[in-house]
Amino acid sequence: MQLIDTHTHLFEDRLCDQLPNVVLRAQQAGVSQSVCIGTDVQTSKRSVEIAQRFSDSIFAAVGIQPNYCHLAKADDWDQIVALAKQDRVCAVGETGLDRYWNECPFDLQQDYFDRHIRLSQETNLPFVVHMRDCLPDVMVMLREGRQRGPLHGVMHSYTGDLTSALECIELGLHISFAGMVTYKNAADIRDVAAKIPADRVLIETDSPYLSPEPKRKQRPNEPALLVHTAACIAEVRNIPFAEFAELTSNNAKQFFRIA
Ligand SMILES: [Zn+2]
């Protein structure tokens, strides 16, 4: 049995402080690989360092998350482009759009989202999309990107509706579910997780944030807790846990092109 955590932020203090134990507990829980996702230049560098240090189980994604674009300095983007070529980097992001937090001007977020999609299309690395309260805006940019060429990306911690999920899939994307899918009030997300095509489902913890049920009170969340999210989706899809674990691990390996 094997699971792959497609989205974690291991550089965050609460995880970083105890990293060897976090990695060990993940292995013990069957989470054989994890992708550490950067949110700005500093944390993208940290993600690459962590991936190179734990080179038997961790990979990295490099990018500037929409809520950090206004803090980026002039040459930060060039650094992301350079980092994307580093060993063990398997994706660009996270990128995307966010209308919940108001710190970063929306047109600047769109500019950086566009850069990430183009970088993905140039490098063949997949891109990782964050979306909060602005699914229509994200769809507009994905459709635009698709007109330029094929899209290879993932909607991370998906919270949108089924119709949009299916359009994302048609555009070439995968859909990833985090701990929220296990929450009592998340029937809508479970319904999407139950109905999308098997070959496009990915799972993640988005740790250290939002631990899954029944460990919701555990702080911080960590890759080992992926098991609970996997069990929840296996149940709603009505397939055995082991089969779902194999399915999503194979999906993740093909998506990130990792062994
Ligand atoms: Zn994230």
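**A parallel sheet and the helices around it**

All 6 of the 6 residues of strand S1 (residues 3–8) are buried, so S1 is largely enclosed by the rest of the structure. Buried here means under 20% relative accessible area, exposed means over 50%, and partly exposed lies in between (1.4 Å probe, protein chains only). Strands (E, at least two residues) and helices (H or I, at least four) are DSSP runs, numbered from the N terminus. This is a predicted model, in which local features need pLDDT of at least 70 and side-chain atom pairs count only at pLDDT 80 or more, while totals for chains, interfaces and linings use all residues. Residues are numbered from 1 along each chain as its sequence is written, and side-chain values use heavy atoms, with hydrogens and water left out.

S1 runs parallel to strand S2 (residues 31–37), and 4 bridges join the two. Within this pair, Asp-5 has Ser-34 of S2 as its bridge partner. Two strands count as paired if DSSP finds at least two bridges between them. The sheet to which they belong is open and has 8 strands, in the order S1-S2-S3-S4-S5-S6-S7-S8, with parallel pairing. S1 and strand S8 (201–203) stand at the edges with a single partner strand each, so one side of each is left without a neighbour in the sheet. On average, neighbouring strands of this sheet are turned by 30 degrees against each other, direction ignored; the axes are lines fitted to C-alpha atoms, for helices over the stretch in contact, and angles run from 0 to 180 degrees between N-to-C directions.

Further along the sheet order comes strand S3 (residues 58–62), which holds Ala-61. Ala-61 is counted as buried, at 0% relative accessibility. Setting aside neighbours within four places in sequence, Ala-61 is in contact (heavy atoms within 4.5 Å) with residues including Val-35, Cys-36, Ile-37, Ala-91 and Gly-93. The C-alpha atoms of Ala-61 and Glu-94 are separated by 7.3 Å, although the two residues are 33 apart along the chain.

Strand S4 (residues 89–98) is joined to S5 by 5 bridges, and the two run parallel. In this pairing, Gly-96 stands opposite His-130. Of the 6 residues of S5, 5 are buried, so S5 too is largely enclosed by the rest of the structure. S5 (residues 127–132) also pairs with strand S6 (residues 153–155) in the parallel sense, over 3 bridges, and there Phe-127 is placed opposite Gly-153.

The next topic is the helices. Helix H6 contains Met-141, which is buried with a relative accessible area of 7%. Beyond four places in sequence, Met-141 touches Leu-97, Gln-110, Phe-113, Asp-114 and Ile-117. Met-141 and Gly-96 are 45 residues apart in sequence, and their C-alpha atoms are 9.3 Å apart in space.

In helix H7 (residues 162–170), the buried residues include Ser-164, Ala-165, Cys-168 and Ile-169. These cover an arc of only 145 degrees around the axis, which puts them on the same side of H7; the arc is that of the directions from the helix axis to the C-beta atoms. The buried residues pack against helix H6 (135–148), S6, strand S7 (174–177) and helix H8 (187–195). On the face of H7 turned away from its buried side are the exposed residues Thr-163 and Glu-170. Just after H7, Gly-172 takes a positive phi of about 115 degrees.

Helix H10 (residues 241–256) includes Thr-248, a buried residue with a relative accessible area of 3%. The Thr-248 side chain reaches the backbone oxygen of Ala-245 at 3.3 Å. Outside four places in sequence, Thr-248 touches Val-201, Leu-202 and Ile-203.

In soluble globular proteins, nonpolar side chains tend to be buried together. A nonpolar core is a set of buried Ala, Val, Leu, Ile, Met, Phe, Trp, Tyr and Cys residues joined through side-chain atoms within 4.5 Å. The largest one has 70 residues, of which Leu-142, Met-155 and Phe-177 touch the most other members. Apart from this core lies another, of 14 residues, among them Ala-61, Cys-90, Val-154 and Phe-255.

Note on methods: A polar contact is a pair of N or O atoms within 3.5 Å; within protein, one must be able to donate a hydrogen and the other to accept it, and residues adjacent in sequence count only if both atoms are side-chain atoms.
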